[in-house]
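This report goes through selected local features of one protein chain. The sequence and the structure come first, and the description follows.

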Amino acid sequence: MTSSSAPAQLPSRIRRRRRADGSVIREGRLLSIMGAEWDGYVYLSDVYISAAQFLAVKHFNERSGAVMPELPALLEGCDFQMTFEQRETSYSPVDAVQALLDATEDPADPVIDHQWNSHNNHHNSPLEGSDSSSTTFTIIHEGEIVGSHINHTHAMDGRRRRRQLEQDSPDNRSPDDDEELPLASPDEWQHPFAVVGASYSYVTIPLNIVGASTMELPMLSGSATSSALDGAPLFGRTIPTNRGDSHAAMLYYRHRNITHVACLYSTDAWGTAYHADLQREARHFNITLQSVGYLETEDNIQNALEQIQATKLKHVFAVLLDWKTVLGPAYDLGIVGHPDYSWITAEQTEWTADDFVLNRTTTTLEEGFLQDDFYDSQDEIEDNDEMPVELKWAHALHGMGQITLHVEDHPRFSDAMAEFANDNSTLRDEYSDAFYETELWQDLLWTTPDYNVWQAMNYDAAIAFGIAACQTPGLFTGPELYQTLLNSGLEFEGVTGSVSFDPTTGTRSADSVTYRIDNLVLDLDESDSEYIRFDSRLAVLLAHGQVQEMHDFRYYGNTTAMPSALPTVHDHNYNLIPVGAQAFGWFLSAALMTMSLGWIVWVQQHQTAVIVQASQPVFLYQVCVGTLLMAAAIIPMGFQGTEPTMGLNTACMFIPWLVFVGFVVSLSALFSKAWRLNQIVKSGVQMRRVQVQVVDVIWPFVLLMTINVTLLTAWTIVAPLEYIRENDPHNVDMFGRHVESFGACKVNPDNSVSPLWFQIPIFLVNVATLGIATYQSYKSRHLPTEFSESSYLAISMASLLESLLLGGPILFVTLDNPTAFFVVGSGLLAVCCLCILLPVFIPKFQKRNEASLATTLRDSIVSASMRKMSSARGGLDSSLRSSHGFNATSSSNFSREFQQHPHQYSPPPSHGTRSAPVSADSWNVTTSQFSDDAQSHDSDIDISDTPKKREPWGRMSIKRTASDKPVTATSNGSSEKNRTSSNQSNRGSRAPSTLVSRSQCSSMPEIMEEDEIRDDNV
């Protein structure tokens, strides 16, 4: 249920007081709640933080520009001054809240007896035999015990005074009302108007809840960095949140190409908020963060460290509340103080102080520790439990990094702190009086402090409260002061730079600061048997998205080599081609290359044989060279590696060159043979003379080779194949790393030109050529084998085309499996080579000793020509077939009869206009003498067409002559010994006879049209 009236505000904690000079000022009490004592030890580094707050109040009241020269100008006309009180928290949230409650209670009006002992708590225990109301404290400076004292219990007797809340709102209070308020006495107790502190976020959060909600106390911190405090009521800070630290840390990891980081964090408020910032920034930088939280108990810490070890990550970011409780067990597990691990911690500024040392409580392994074999000292102990805890810490800290804010040294501020510590005892006494527990500082040994960012930030926090109070008029309340801090545009140049506050969160912007990573290393020269000392060096600066490495980061073992971010993958599957598969492919290659070379040698040895001459040796050589190149392509296909190399890239581009060039060389030879045969048969049908020479059939080879070489050259230059290893996206380990990859010859993905621009044209050109060659072979399928191996040529072409059509898709689907691709590719190339070699050479090898080829060649010409003519003209004239005694009623019967009895028929007439049907007695073929000496290589055949007068066709006689003399074939069938007389007797009435040698006949005899017959040897 909501109240209808606004809640009453607490009265102003500001009072008016008359000074000795008679002037009236406004005065407020600034309460500092910080921690400096823990577990019986007083840490001077934290004492100096509250001392910086005290100096800020001192300089503000005196309007001194000793540290900030512009401060007097900023405070001109200001009538506000502050008093300062320090309360000790012992780094405990409970003690901090209790200190706040005690500081806000008026001791003059007690309601109940209230005994307060800030040090008799769970951290401290009375000395044995001493009064239970006292505690002994040890003061530590640079690791040395510089003093001790007994802190006595303070008793506060009396009753609590009930305060009367003002009924009028401060907003309605007039300046005249303020003037009517009585002036306060300097000795009168005053309620704090603001709080500065505490040192740590986990202490500040509950302190803010109590102070803001019940007391309306604004709070500024110079060291609490948890993002959980963003937007907290009445809270602000002069230090950025841990989101800035987190951003800097992830920026550094990304700079070092570290993509997986383990995070160990305390589950208190500070650690939890820090971890949330780390997760947010890790996502921003695409870094995988595996986090483990822990509580401050021995079992929980051990369990958390074991989980960190189980991640197998080598880079650890630690957000530690108490580093001593963690690093010892972590060293026992081997995850810190080890060359394979690197740790970076958050805000462990204690380590970088000059006075940071580790006390040695034992002399065990003293010599080994102090000498160069420090890194081997743990090997001298069989059980880590025997090692002194300080030595474990020393091993763990060596090579450690810690990230924090970086503020350039401020000479004026450093001089002021040095003067406070060394020269001005009056200031120190005044500072000690500001502590409620005055006995705590009686025996401190003050030394020159190191410049510390926390000191500077807290100095600026106290100054900020003073400036805001000057700008807030009247006797303001806490909320009014806070509104001035955030919404009045307050900005000043402090010790740490430009100070301003985000009006939404109350936090200082991270853009105005720089972060640093310090590297802690063991200082063997300065360490001794009593103390272990370290050297801290600035390693990295991070600001505005930039990383500047100042010094080499030294890891454990004094090495500058950064440990691997992830454990080595020992079981990566590279999918390499097995040795057995490589041996199989290379054996095929060797066998095919040997076969090709063997046929080349065979052709060379039998080049005078009729069967070889009929097939032209130059084309047989061409076929063998092509298959040799294709078989050689199997060799680079078997090359492989785990990483790409220049040699593998070269081998990849060799494969298409060998395959396509070899294919073109062999294919063009087969194509030329088939085309040549069909051209001759076609000319025989037309009874015209055609002279087909090598130069006429070389054009397919030149054309195909030009196209292929041009495309291959462009491919090699523009989009060359490279050996690329691609990861399997479906097979990853626990870190998301690919554990399986495939090596293949592909175009670099960065190349903008697609290889398809070259692969598709070269594929289409060669497949189209193969199709045309297959068609040419099909056309010549009925020619006798001895003429040009027509049937075997058709088998070769058909088998080659079938192999490519069936094997190509299979090869395509095995692209991602190197072994299958190599085996299928090797097998496909082997089949293609065998489809070319075996049909061409096996028949020749079987008939290598047959010498009666001349008759068959002649019969081949006649038979093929008659068949072509029959097909072209739809069959011979019926009168022609009747005159020869054929009763067949179809051209097919005639073709069969002609094929069975080719010696009884002369060639068909020409398709010229002078052709006419002839009678049966016009045909006469004499072959008796032709077959007598068919074995002779040097015999010549004289084929002459001697038509009678007015007859387009004459009778033809083919006779054999002895002594290498040509045989004259005449129209009357008579043999003439003298060619000259024969030619003269027929001059003007018929064409001269044509002389054809048998060797020439066997390699494409000419069929001449009668108008074109010349007295030439073909």
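## Salt bridges

Arg-19 is partly exposed, its relative accessible area being 30%. The model is a predicted one, and in it Arg-19 forms a salt bridge with Asp-21, with 3.9 Å between the closest N and O atoms.

A search of the whole structure finds 17 salt bridges. Three of them are set out in the table.

| Pair | N to O distance | Accessibility of the acidic residue |
| Lys-58 and Glu-62 | 3.5 Å | Glu-62, 48%, partly exposed |
| Arg-516 and Asp-518 | 2.8 Å | Asp-518, 5%, buried |

The pair Lys-58 and Glu-62 sits in helix α1, which covers residues 44–62. Because the two residues are 4 apart in that helix, about one helical turn separates them. Their side chains meet at 3.5 Å, N to O, and Glu-62 is partly exposed at 48% relative accessibility.

In the pair Arg-516 and Asp-518 the side chains meet at 2.8 Å, N to O. Asp-518 has a relative accessibility of 5% and so counts as buried, a class that requires under 20%.

Salt bridges also form a network, which links Arg-15, Arg-17 and Glu-27.

## Backbone geometry

Most residues other than glycine have a negative phi, and most peptide bonds are trans.

Ala-198 belongs to the loop that runs between β10 (192–197) and α5 (201–215).

Asn-286 counts as exposed, at 62% relative accessibility.

## A loop proline

Pro-339 is placed in the loop between α9 (324–333) and β16 (342–346). Its relative accessible area of 45% makes Pro-339 partly exposed. In sequence, Pro-339 and Lys-314 are 25 residues apart; in space, their C-alpha atoms are 9.6 Å apart.

## A negative surface patch

Glu-408, Asp-409, Asp-415, Glu-419 and Asp-423 form a negative surface patch. One of these residues, Asp-415, lies in helix α12, which spans residues 411–423. Asp-415 counts as exposed because its relative accessibility is 52%, and exposed means over 50%.

## The annotated transmembrane regions

An unreviewed UniProt entry lists residues 583–602, 618–639, 654–676, 697–718, 756–778, 790–813 and 819–842 under "transmembrane region". The predicted model can be compared with the record for two of these ranges. Over residues 654–676 the chain is 100% helix and 0% strand, and 33 Å separates the end C-alpha atoms. Residues 756–778 are likewise 100% helix and 0% strand, with the end C-alpha atoms 32 Å apart.

Which residues make a nonpolar surface patch of about 400 Å²? The patch is made by Leu-756, Ile-760, Phe-763 and Leu-764. Leu-764 lies in helix α23, which covers residues 756–779. The UniProt entry includes 756–778 among its transmembrane ranges.

The range 790–813 is also listed as a transmembrane region in the UniProt entry, and helix α25 of the model covers residues 790–813. Phe-812 is found in this helix and counts as exposed at 60% relative accessibility. From Phe-812 to Val-824 there are 12 residues in sequence and 9.8 Å in space, C-alpha to C-alpha.

Notes:
Residues numbered from 1 in each chain as written. Predicted model: local features only at pLDDT ≥ 70, side-chain atom pairs only at ≥ 80, totals over all residues. Heavy atoms only, no water. Patch = residues over 30% accessible without salt bridge, like charges linked within 9 Å, V, L, I, M, F, W, Y side chains within 5 Å. Areas by Shrake-Rupley, 256 points an atom, 1.4 Å probe, with all protein chains shown as cover. Salt bridge = Lys/Arg side-chain N within 4 Å of Asp/Glu carboxyl O. Lys, Arg positive; Asp, Glu negative; His and termini not counted. Charge placed at Lys NZ, Arg CZ, Asp CG, Glu CD. Buried < 20%, exposed > 50% of the residue type's maximum accessible area, 1.4 Å probe, protein only. UniProt positions renumbered as here; feature names shortened; annotations may be inferred.
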